[in-house]
Amino acid sequence: MKQFVWCLVILLAIVHQDVWFWNDSTLVFGFMPIGLLFHAGISLAAGITWFLATKFCWPKPVG
Amino acid sequence: MTPLIIIVLYMSLLLSLGAGANRLFRGTSQDYLLASHSIGPVLLLMSLFGTTMTAFALIGSTGEAYTKGVGVYGMLASSSGIIHSLCFFVVGVKIWTLGNQYGYTTQIEYFRDRLESDKIGLLLFPILVGLVVPYLLIGVISSGGVIQQVTAGAFPSFFESTNGGIPRNLASLFVCGVVLIYVFFGGMRGTAWANAFQTSVFMILGMVTFYVIATKLGGEASFLENLRKASQAVPEEKLIREHIPKLAFFTYMLVPFSVGMFPHLFQHWLTAKSAESFKLAVVAHPIFIMIVWVPCVLVGIWATSSLAGVPPTVRQNDVLPFMVKELAGPLLGGFLTAGILAAIMSSLDSQFLCIGTMFTNDIVLHYAGKNRINDKQIVLLARLFIIAIVAVTYGFSLLKHRSVFTLGVWCFSGFSSLFPLVVASLYWKRLTKTGAYASVLAVLVSWIWLFSNADYGANREYLFLGMMPVATIFACSTAALVIVSLLTKPPSDETLRKFFT
């Protein structure tokens with residue numbers, strides 16, 4: 001599970017580069033540029049991925 | 001006059017927070033500089049978020065979207081959502097553990113210990129301070145600019161040259177004074193409280209701004225119709241990323257690594273009550289970024305439409321204050337200005353406190369000897385250094401005006417390029433002090449060379465080999481660190497036992 005979560009983080013960083021909507025000016029719901037919506041989705045996915053990381057990858061408790 | 005009254009009331013609230021924190025002050029340097037490691041998850045999240053979201057978050061994001069379009073969100077915001085949390089996770093938690101174990105307060109104390117080198121402090125100190133000061137200037141100058149813009153017309157007989165608005169320099173002095181007072185009396189606890197309060201203020205008022213501007217631009221009955229009307233008037237070139245080079249977009253992802261080496265964030269990490277306190281910040285940070293940035297980017301692209309009527313003479317960083325002044329009434333305009341100032345001041349306070357701490361711990365205490373200075377004197381020293389750094393920063397703000405915003409990304413690039421050093425120090429046993437010196441010097445040389453090539457920041461579109469300059473500096477830093485470490489004597493067994501068992 002630990003490796004899976006770290007793979008998700010790497011996948012998120014790759015998908016974040018977004019080659020799909022680079023020149024797409026579609027307005028989703030009539031007001032939201034699709035490129036902006038995609039990256040807002042990435043932010044949401046980052047929150048979920050980091051939640052999984054705190055569940056499965058958190059370091060064990062130890063001038 | 002109404003916005004000014006609201007700003008003064010808001011500043012008074014902040015001062016009362018500082019006074020409240022002062023009543024809980026335990027009189028020790030640990031309490032003044034690290035809030036006695038008492039900061040829980042919610043306060044840690046709010047203070048980390050408030051500190052990382054500077055003037056760039058509200059004013060910068062709107063201004064950048066105004067000139068470059070929606071691609072700004074992917075370039076600056078969603079990348080930060082991934083990378084900032086990564087830094088909190090892999091660097092912050094580990095640093096907190098070591099700091100708690102060995103009593104560190106500053107980065108340099110940690111690096112001196114880990115690298116078995118006293119001199120590394122003398123190399124890192126001027127670099128870290130040199131990179132933070134322009135970052136401070138961005139906040140000081142932009143806060144003055146915002147107040148000047150929204151108070152225009154309030155004092156026509158006093159300030160003719162600024163259209164009746166409070167002059168930028170005077171407004172900056174007022175902001176510096178307020179931050180200085182609550183940091184001086186409240187220390188880290190006052191700073192954390194003020195950050196939490198200000199983060200709430202700018203998040204809520206940011207959304208209110210978005211709602212008001214959409215309603216005014218659309219002029220329709222329903223909010224959704226207003227959003228549609230505002231977005232559909234935006235030129236197509238602002239809805240796509242055609243003019244952002246793909247390699248530049250890709251390498252921009254290295255810029256948010258700067259949070260791994262910000263000295264003021266390092267100090268905030270050490271205030272945590274436990275490692276568990278970091279969990280909420282790691283998870284919620286990307287969501288909070290989305291809540292603040294998406295509305296600002298939309299407002300930025302709306303400003304390019306004929307509906308907004310922003311004259312071409314308005315500078316990029318004045319777009320949001322202009323929209324607020326033109327589209328919101330004076331009462332709401334005052335509240336929204338308080339929100340913008342909240343975003344700026346919640347970073348200024350941590351940076352002032354951090355530089356004061358670095359001068360106290362890394363220079364005076366380190367060279368004079370901890371045993372020769374008692375705890376009360378340490379607090380007094382920190383306070384005197386905070387006054388000095390506020391005065392120096394304000395002095396600099398009077399000299400430089402327009403080019404300071406272009407320095408922002410260069411400051412972040414410098415901090416980002418030091419990120420390999422902090423990661424290697426935490427996870428790579430083979431890192432040597434010579435490797436660390438080589439890495440820092442590689443950053444210094446490549447940063448200066450690229451900065452001069454970019455006409456000292458004046459060329460805002462400067463790319464090297466089609467990439468952001470940070471990519472080259474980061475690569476030089478990493479290569480020097482690895483190659484020199486492998487060629488030199490490993491750290492002692494005692495150091496390895498101390499940091500890796």
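Predicted model: local features only at pLDDT ≥ 70, side-chain atom pairs only at ≥ 80, totals over all residues.
Biologist: What makes Gly334(B) count as buried?

Modeller: Its relative accessibility is 0%. Buried means under 20%, so Gly334(B) qualifies. The residue lies in helix α14 of chain B, residues 330-368.

Biologist: Which residues is Gly334(B) in contact with, leaving aside neighbours within four places in sequence?

Modeller: Pro3(B), Ile6(B) and Ile7(B). Contact means heavy atoms within 4.5 Å. The C-alpha atom of Leu4(B) is 6.7 Å from that of Gly334(B). Along the chain, those two residues are 330 apart.

Biologist: Why is the pair Arg189(B) and Asp31(B) called a salt bridge?

Modeller: The N to O distance between the side chains is 2.9 Å. The cut-off is 4 Å, for a side-chain nitrogen of Lys or Arg and a carboxyl oxygen of Asp or Glu.

Biologist: Are Arg189(B) and Asp31(B) buried or exposed?

Modeller: Arg189(B) has a relative accessible area of 8%. For Asp31(B) the value is 1%. The limit for buried is under 20%, so Arg189(B) is buried and Asp31(B) is buried.

Biologist: How do you know that Lys498(B) and Asp113(B) form a salt bridge?

Modeller: By distance again. Their side chains meet at 2.9 Å, N to O, and the rule asks for within 4 Å. Lys498(B) belongs to helix α20 (residues 493-500) of chain B, Asp113(B) to helix α6 (residues 107-114) of chain B. The separation is 385 residues.

Biologist: Why is Lys498(B) called partly exposed?

Modeller: Its relative accessible area is 28%.

Biologist: What makes Lys229(B) and Glu220(B) a salt bridge?

Modeller: Their closest N and O atoms are 3.3 Å apart. The limit is 4 Å. Lys229(B) counts as partly exposed because its relative accessibility is 35%. Glu220(B) gets the partly exposed label too, at 38%.

Biologist: How many salt bridges are there over all chains?

Modeller: The search finds 8 over the whole structure. Across the interface of chain A and chain B, the rule finds 0.

Biologist: What holds for polar contacts across the interface of chain A and chain B?

Modeller: The rule finds 10 residue pairs in polar contact, both residues at pLDDT 80 or more.

Biologist: Which residues touch the most other members of the largest nonpolar core?

Modeller: Trp293(B), Trp302(B) and Met323(B), in a core of 194 residues. Helix α8 of chain B, residues 168-218, gives the most to this core, with 21 residues.

Biologist: What does Met323(B) touch, not counting residues up to four places away in sequence?

Modeller: Among them are Ile213(B), Leu217(B), Val299(B) and Val310(B). The list also includes Ala303(B), Ala308(B) and Ala328(B).

How values were computed. Residues numbered from 1 in each chain as written. Chains lettered and ligands numbered in written order. Heavy atoms only, no water. Polar contact = N/O pair within 3.5 Å; in protein donor to acceptor, adjacent residues only side chain to side chain. Core = buried A, V, L, I, M, F, W, Y, C linked by side-chain atoms within 4.5 Å. Buried < 20%, exposed > 50% of the residue type's maximum accessible area, 1.4 Å probe, protein only. Helix = DSSP H or I, 4+ residues; strand = E, 2+ residues; numbered from the N terminus.
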